Amino acid sequence: MAGPVRRALHFVVKVGDRGRTVSFYRDILAMKILRHEEFEEGCKASCNGPYDGKWSKTMVGYGPEDNHFVVELTYNYGIGGYRLGNDFLGITIQSSEAICNVRQHGWPIVQEATGVVVVEAPGGYKFHLLDKPQPTNDPVQKVTLGVSNLERARHYWTKLCGMNLYGQEKRSILLGYTEDQCKLELRDASQAIDHCTAFGRIAFACPRVQLPSIQETMENQQQTVLTPLLSLDTPGKATVEVVIVADPDGHEICFVGDESFRQLSYSDPTADHMLNKAMEADKSAEWFLQTGKQKQQV
């Protein structure tokens with residue numbers, strides 16, 4: 001089963017308003033633009049969802065993907081918004097600095113309690129900000145997902161995905177591959193999980209040699225394999241191999257070969273410039289405004 005060589009990589013969110021979203025991650029959370037890529041057609045592994053058109057991928061985080069958990073912002077041109085379900089419950093970040101940014105920029109606070117401030121990124125994605133100094137290692141503490149049956153989820157993620165149990169409460173468990181990585185919190189929703197159209201995907205790296213056995217394990221246990229072992233190309237960058245599965249609640253999980261992913265995920269010093277250039281060239285919002293039409297809401 002999995003050892004400490006597996007690691008948490010990123011969570012994918014679909015964004016409808018790329019400009020406001022980028023401002024939130026840059027100015028409020030103070031994350032860096034690590035990579036930006038533009039694609040003319042949909043991803044073979046549905047990285048951008050069930051859409052065939054032009055899209056972009058922007059990786060944002062507090063440091064290199066080798067040792068930081070980051071967020072993948074997926075933007076489908078022409079789509080202005082997505083419906084949130086009860087699947088994604090938030091990302092927790094330890095950063096008093098981010099809380100200061102919230103107050104300085106007048107960003108709306110959804111909820112506030114002793115030691116924690118909750119804000120929403122454009123599109124409604126929640127971030128729980130802990131009022132403690134930002135650590136020198138990764139400030140991203142955990143991703144929280146809703147599940148309909150906590151015991152069933154525990155079995156899947158520990159026995160089949162090989163995660164370790166780091167904490168347990170009456171209605172939640174805390175999982176991870178190593179102590180120093182971003183954790184996965186599963187919280188009992190006591191109802192069916194509805195992913196709606198904004199459904200995301202969590203990604204983990206593993207040695208490439210483990211990918212076939214992950215697929216085989218899921219198939220033998222009659223679990224869902226969304227994408228059997230597949231090679232994904234990024235123009236001018238390394239080709240990576242993935243196996244994409246889904247847990248009993250439909251949460252998408254991407255396992256990617258670590259060796260090639262490390263080559264693909266080098267932080268690009270031109271990423272900020274490339275993103276800004278892409279946003280300047282994106283005239284879709286102006287076109288919709290001039291024609292009196294609206295971007296598609298899915």
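The predicted model contains an open sheet of eight strands in the order β2-β3-β4-β1-β14-β17-β16-β15, with mixed pairing, where strands are DSSP runs of E of at least two residues, helices are runs of H or I of at least four residues, and both are numbered from the N terminus. Two strands are taken to pair if DSSP finds at least two bridges between them. The edges of this sheet are formed by β2 and β15 (224-232), each of which pairs on one side only, and the twist from one strand to the next averages 20 degrees, the strand axes being lines fitted to C-alpha atoms and the angles running from 0 to 180 degrees between N-to-C directions.

Residues are numbered from 1 along each chain as its sequence is written. As this is a predicted model, local features need pLDDT of at least 70 and side-chain atom pairs count only at pLDDT 80 or more, whereas totals for chains, interfaces and linings use all residues, and side-chain values use heavy atoms, with hydrogens and water left out.

Antiparallel pairing also joins β7 (residues 109-113) to β8 (residues 116-120), through four bridges, and isoleucine 109 stands opposite valine 119 of β8. These two strands form a hairpin with two residues between them, and glycine 115 in the turn has a positive phi of about 85 degrees. Strand β8 is in turn joined to β9 (residues 126-130) by five bridges, again in the antiparallel sense, and valine 117 has leucine 129 of β9 as its bridge partner. The hairpin of β8 and β9 has five residues between the strands, with a positive phi near 100 degrees at glycine 123.

Pockets and cavities were located on a 1 Å grid over the protein atoms alone, a cavity being a set of points where a 1.4 Å probe fits but cannot get out, a pocket an open set with protein on both sides within 12 Å along at least five of seven lines, and lining residues those with an atom within 4 Å of a point. The largest pocket has a volume of about 470 Å³, and of its 25 lining residues the closest to the centre are Cys43, Cys47, Lys57, Leu232 and Asp233. Among the elements that give two or more residues to this lining are β1 (7-15), β16 (240-246) and α5 (258-264), and β16 supplies the largest share, three residues. The second largest pocket holds about 350 Å³ of space; it is lined by 18 residues, of which Asn67, Asp138, Asp180, Gln181 and Cys182 are the closest to its centre. Both β1 and β10 (140-147) supply at least two residues of this second lining, and β10 gives the most, with three. Three cavities of 30 Å³ or more are present, and the largest cavity, with about 70 Å³ of space, has a lining that includes Phe11, Asp87, His195 and Arg201.

Rings of Phe, Tyr and Trp (its six-membered ring) were paired if their centres lie within 6.5 Å, and the count comes to 13 aromatic pairs. Ring pairs link Tyr156, Trp157, Tyr177, Phe204 and Phe255 into a cluster. A charge was placed over a ring if NZ of Lys or CZ of Arg is within 6 Å of the ring centre and within 35 degrees of the ring normal. In this arrangement, the charged end of lysine 54 sits over the ring of tyrosine 77, 4.7 Å from its centre, and lysine 183 lies over the face of tyrosine 166, at 5.0 Å from the ring centre.

Methods: Grid points are joined across faces, edges and corners, and a volume is the space filled by probe spheres set on the points. Rings of Phe, Tyr and Trp (its six-membered ring) pair if their centres lie within 6.5 Å; planes under 30 degrees apart count as stacked, over 60 as edge-to-face and the rest as tilted.
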